[in-house]
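Visitor: Could you walk me through this structure while I have it open? I'd like to jump between topics as I go.

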Amino acid sequence: MLSRSLTSFLAVALPLCSGVAAVPSGTVKPRADALAACAASMNSVLPSPTPPGYVFSGNVRQYYVAAEEIEWNYAPTGWDNWLGVPLNLSPRAQMAGATAYGTTWLKALYRGYTDATFSTKSPQPPWQGTLGPTLRSEVGDMVEIMFVNKLSKNYASMHSMGLAYTKYNEGSDYPNNTAPGQQVNLPPAEAVPPGIAPGDCVVYKWFVDDNAGPPAGQHAAVHSYHSYLALQQDANAGLIGAQIVYAPGQMAPTMANYREFPLLYMIYNEMDSFLSGQNAAALQSKNPSYSGPWYGSGSGSGSGAAPSGSGPGAPSSGTPSSGAPSGGAKPNTNNAHSRRSPQSAAGAQSYGAGEGGSYGAINTDALYSGNYSVWHPQLVNLAGANQFMGAPSFYSMNGYIFANNPTYEMCLNDKVIWYTMAYGSMSHVFHMHGNGFYYNGVGMPSISINDGEMKTLYMNATGAGKWQVMCHVHMHQTMGMVSNYQVHFAGQCPLPALGSQATIR
């Protein structure tokens, strides 16, 4: 029986590699005029007003970030590397639903670039997975980000969890008025720009004030960023990244003398992703005769941006839509980003009609047309979700399940920092075998990380071997929230020695 086990396992497991995701051919190329305008805004000029007590260091940390559609495989090895068997034969993976439709899904992920041309991607360690580029800065700096939306249909933004910003740089999306029912033409410095449309861009400027810095005596503190059009749907699509703030003058020394690992605990619910319809359509195209309960009664295009009613759809290349409802009110032309405002009123739109899901049809008859440029991006992302009923949730760490992560590596006696964060709707518990860690100077075996929290954990790698780092919530671990890390034995470590160079981590 053992002689045929490997070939049998592989024959069963190989189909898992394909999954449901289609090739993301609809990725939008940024508009040349938008890129030029945003590049000109990367001018290192501080926005006004600055936070009280903020003392500018003179350093501006510039980053170039895009939201992109990427085929993501939660289990690229095809194995349950905790049980040591192919995923299709793993009772835990079956229990988690990871084997139902495969492990490759279309995600919306942040990816970094080297400059304003967005032609060359920044290097990113493979274990960073679904996380966007790590944005590093020191207390007193300004972080300047040129953000481009390359998604084919959905809106996106970048909102900082931990840094300070003016109203214009908030990266959120809600009405730019001061009270319900009022239209107020706020100055740009106080207005909230609407969501960034496909093919468009924006420049964010964030202050790294004292509140964002690490506690006294510590080198660094972790924060995060995410899209904020429809938080639940944006996060489940994958738009999350890490920020690290160092004490003044400590960025280079910390990077050179510590192994640094941003670590995201996230249960990706593929039904709640704004790409659920596109993933459903991909599965339908591969199985045209199947019409199971997972798929809506409509076309299942999953566009979200293309309403199924008679009105025109949302812009697909960053140009304004003419699909604002009339409702007896004129479109609002006072928005801070007027180029994204509707040009004319053309009747009510229905978002997601006939495509199934708990939202059903979102009729815009009763919505206030004056705030169209605010609610339209949110409804596009809301309507893209809940179109794949029964889609699985992946209990992941940096987007990997069942120890499919590229191993987190360190040498014996290395100093290590784990930049932990949790998103979603559940709390998690960080725990590792073989080594302990310190939180705010106190040695601990485990620590809770609530959804929306970020905690910086320091470790001395004194226990050599290959170990597990996991979520110690029992069900989460069973469903796949476990990874591997390796402390190499003395004299056997293949990594550059700490202090010899500031390697990318």
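Visitor: Is Cys-411 buried or exposed?

Guide: Cys-411 counts as buried because its relative accessibility is 10%, where buried means under 20% relative accessible area, exposed over 50%, and partly exposed in between, with a 1.4 Å probe and protein chains only. This is a predicted model, in which local features need pLDDT of at least 70 and side-chain atom pairs count only at pLDDT 80 or more, while totals for chains, interfaces and linings use all residues. Residues are numbered from 1 along each chain as its sequence is written, and side-chain values use heavy atoms, with hydrogens and water left out.

Visitor: And what is Cys-411 joined to?

Guide: Cys-411 is joined to Cys-493 by a disulfide with an S to S distance of 1.9 Å, a disulfide being a pair of cysteine sulfur atoms within 2.5 Å. The pair links distant parts of the chain, 82 residues apart, with Cys-411 in strand β15 (residues 408-411) and Cys-493 in the segment after β23 (482-488); strands (E, at least two residues) and helices (H or I, at least four) are DSSP runs numbered from the N terminus.

Visitor: Which hand does the link of Cys-411 and Cys-493 have?

Guide: The disulfide is left-handed, because the torsion about the S-S bond of Cys-411 and Cys-493 is about -70°. Cys-493 itself counts as partly exposed, since its relative accessibility is 24%.

Visitor: How many disulfides does a search of the whole structure find?

Guide: The search finds two disulfides, and with bonded cysteines counted along the chain they follow the pattern 1-2, 3-4. Cys-38 and Cys-201 also form a disulfide, with their sulfur atoms 2.0 Å apart. Cys-38 lies in helix α2 (residues 32-41) and Cys-201 in strand β8, so this pair ties together parts that are 163 residues apart in sequence. The link of Cys-38 and Cys-201 is right-handed, with 110° about the S-S bond, and both Cys-38 and Cys-201 are buried.

Visitor: Back to β15, then: in what order do the strands of its sheet run?

Guide: The open sheet has five strands in the order β15-β23-β22-β17-β20, with mixed pairing; two strands pair if DSSP finds at least two bridges between them. The edge strands, each pairing on one side only, are β15 and β20 (446-449). Strand β22 (residues 465-471) pairs with β23 in the antiparallel sense over six bridges, and there Met-470 stands opposite Val-482 in β23. Cys-471 is buried, because its relative accessible area is 0%.

Visitor: Switching to the backbone, where is the cis peptide bond?

Guide: The peptide bond from Ser-48 to Pro-49 is cis, with omega near 5°, and Pro-49 has its place in the loop between α2 and β1 (60-73). For context, most residues other than glycine have a negative phi, and most peptide bonds are trans.

Visitor: What about phi of Asn-386?

Guide: Phi of Asn-386 is near 60°, a positive value in a residue other than glycine, and Asn-386 is found in the loop between α7 (372-384) and β14 (393-397). Asn-386 is buried, because its relative accessible area is 4%. Asn-440 has a positive phi too, of about 55°, although it is not a glycine; Asn-440 sits in the loop between β18 (437-439) and β19 (442-444) and is partly exposed, with a relative accessible area of 42%.
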